[in-house]
Amino acid sequence: QVQLVESGGGLVQAGGSLSVSCAASGRTFSSYIMGWFRQAPGKEREFTAAISPSSNSKSYADSVKGRFTISRDNAKNTVWLQMNSLKPEDTAVYYCAAQSLFGSGWSYARSVDARSYHYWGQGAQVTVSS
C-alpha cells in the first residue's frame, strides 16, 4: 500500500513558476513509476508527466513539454513537478499517482494511461491568473 500526499501549488500569474511535490509512504517507492495528472473544471483528468523508477525515462504531455519538469528522489520518497512559463490553461487540480511495475519495465503507453496507476493522491490546486 502506498499513500501519496501532494503539497505546493497555489496562485501565480501567467508566465510565472510553481512547483508541486508528492511525498510517498512505504518502502517500495523506488520501484514505482510516478506520474502527474491534472484535471481542470469541467474537463476530464489528463496525463501531464511521468518518470521511471530510476529517472532514466520520462514522458510529458505535448501541452507541457519544454515548460514542465518531473523529477524524483528515491531516498526521500518524493517526486516533484516544476512548472515554468505557466499559462491560464494550466489551471487545474494536479494529482500525483504511483504505478507498480509488477516486474515489467518502463512503458510509455502505460506511463500516460491513468488506468495503469494504482495509487492516487488527494490533489493540489494550481491557479494561473492572466
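Reader: Is Asn77 buried or exposed?

Author: Asn77 is buried, because its relative accessible area is 18%; buried means under 20% relative accessible area, exposed over 50%, and partly exposed in between, with a 1.4 Å probe and protein chains only. Please note that this is a predicted model: local features need pLDDT of at least 70, side-chain atom pairs count only at pLDDT 80 or more, and totals for chains, interfaces and linings use all residues. Residues are numbered from 1 along each chain as its sequence is written, and side-chain values use heavy atoms, with hydrogens and water left out.

Reader: Where is Asn77 found, and what is it in contact with?

Author: Asn77 lies in the loop between E7 and E8; strands (E, at least two residues) are DSSP runs, numbered from the N terminus. Apart from neighbours within four places in sequence, Asn77 contacts Cys22, Ala23, Ala24, Ser25, Gly26 and Phe29, where contact means heavy atoms within 4.5 Å.

Reader: Which strands form the open sheet?

Author: Four strands form it, in the order E1-E3-E8-E7, with antiparallel pairing. Two strands pair if DSSP finds at least two bridges between them. Strand E1 (4-8) and strand E7 (68-73) are the edge strands, each pairing on one side only.

Reader: How many bridges join E3 and E8?

Author: Strand E3 (residues 18-24) and strand E8 (residues 78-83) pair over six bridges in the antiparallel sense. Within E8, Leu81 is the bridge partner of Val20. Leu81 also contacts residues beyond four places away in sequence, including Trp36, Thr48, Phe68 and Tyr94.

Reader: Which residues touch the most other members of the largest nonpolar core?

Author: They are Leu4, Met34, Trp36, Val79, Leu81 and Met83, out of 38 residues in that core. A nonpolar core is a set of buried Ala, Val, Leu, Ile, Met, Phe, Trp, Tyr and Cys residues joined through side-chain atoms within 4.5 Å. Among the elements that give two or more residues to this core are E3, E7 and E8.

Reader: A change of topic: why does Lys58 count as partly exposed?

Author: Lys58 counts as partly exposed because its relative accessibility is 40%. Lys58 belongs to strand E6 (residues 58-60).

Reader: What does the side chain of Lys58 reach?

Author: The side chain of Lys58 reaches the backbone oxygen of Ile70 at 3.2 Å. Not counting residues up to four places away in sequence, Lys58 touches Ala50, Ile51, Ile70 and Trp106.

Key. A polar contact is a pair of N or O atoms within 3.5 Å; within protein, one must be able to donate a hydrogen and the other to accept it, and residues adjacent in sequence count only if both atoms are side-chain atoms.
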